[in-house]
Amino acid sequence: MDSPRSASAPGTVNLGSVEKIPKGQGFCFIVGGQEIAVFRQRDGKLFAAQNRCPHKNGPLSDGVLGAGKIICPLHSKKFDLMTGQGPEPQHCLTTYPIQEVNGDLLLGWSAGAAGASCVPAA
Ligand code: FES
C-alpha cells in the first residue's frame, strides 16, 4: 500500500509513477482513507477499483488480472474492471477513472465522492 502525492488537478490525485505497478499486476493505494486498487494490464491498460472484494474482503490488488477482469485471490470470483460487475448483482465493485499523464498515475477522485458502482443506489 502507498499514499498519494498531492493532487495535480482538481478532482484528481497523483499516485506517482506508473512504473510502481509492474505490468500484469495490481497495487493498493490509500486515498482518502480508502484502499484503492490500481491495475496495469500487460497491454498497458489501467483500471482502478475498490481494493476489498465485496464477497469477503479479499485483496483484489493481489488477484489475477487479464482482459479487463480481476479474479479475487480468495475465492476466485471474477469482476469486470470497466463496469464493476461481479458474478452476482450484490458482488459489485466501485470503479474510478484512472489515466497516465507524463508517466504518472492520475486517479479521478473527489473528497467524499464515491466512484461509479454497478449497483444502483438504494
Ligand atoms: S473474498 Fe473475493 S471472492 Fe471471496
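## Model and confidence

The structure is a predicted model, in which local features require pLDDT of at least 70 and side-chain atom pairs count only at pLDDT 80 or more, while totals for chains, interfaces and linings use all residues. Residues are numbered from 1 along each chain as its sequence is written.

The mean pLDDT (the predictor's confidence in each residue, from 0 to 100) is 90 for the protein, and 87% of its residues reach 70 or more. Confidence is lowest in strand β11, residues 116-117, with a mean of 80, and highest in strand β6, residues 69-71, with a mean of 98.

## Overall architecture

The protein contains 0 helices and 11 strands, where helices (H or I, at least four residues) and strands (E, at least two) are DSSP runs numbered from the N terminus. Of its 122 residues, 33% count as buried; a residue is buried if 20 or more other C-beta atoms lie within 10 Å of its own, exposed if 12 or fewer, and partly exposed in between, with C-beta atoms placed from the backbone.

Two residues are in contact if their C-beta atoms, placed from the backbone, lie within 7 Å. Among the contacts in the protein with a separation of 6 or more, 43% are accounted for by residues 24 or more positions apart.

Strand β4 (46-50) is mostly covered, with 4 of its 5 residues buried. Two strands pair if DSSP finds at least two bridges between them, and β4 pairs in the antiparallel sense with strand β3 (residues 34-40) over 5 bridges, in which Ala 37 has Ala 49 of β4 as its bridge partner. The hairpin of β3 and β4 has 5 residues between the strands, and Gly 44 there takes a positive phi near 95°.

Strand β4 also pairs in the antiparallel sense with strand β8 (residues 94-96), over 2 bridges, and here the bridge partner of Ala 48 is Tyr 96 in β8.

## The open sheet

Strands β5, β6 and β7 form an open sheet of 3 strands in the order β5-β6-β7, with antiparallel pairing. Its edge strands are β5 and β7 (78-80), each of which pairs on one side only. The twist averages 20° from one strand to the next, with axes taken as lines fitted to C-alpha atoms, for helices over the stretch in contact, and angles running from 0 to 180 degrees between N-to-C directions. The antiparallel pairing of β5 with β6 extends over 3 bridges, and Val 64 stands opposite Ile 71 in β6.

## The nonpolar core

A nonpolar core is a set of buried Ala, Val, Leu, Ile, Met, Phe, Trp, Tyr and Cys residues joined through C-beta atoms within 7 Å. The largest such core has 28 residues, and those with the most contacts inside it are Val 38, Ala 48, Ala 49 and Leu 107. Strands β1 (12-17), β2 (25-31), β3, β4 and β10 (104-108) each supply at least two residues of this core, and β3 gives the most, with 4 residues. Not counting residues up to four places away in sequence, Ala 48 touches Ile 36, Ala 37, Val 38, Thr 95, Tyr 96, Ile 98 and Leu 107.

## Leu 60 in its loop

Leu 60 lies in the loop between β4 and β5 (64-66), and this residue is buried because 27 other C-beta atoms lie within 10 Å. Leu 60 and Gly 26 are 34 residues apart in sequence and 7.8 Å apart in space, C-alpha to C-alpha. Beyond residues up to four places away in sequence, Leu 60 touches Gly 26, Ala 37, Ala 49, Asn 51, Cys 53, Ile 70 and Cys 72.
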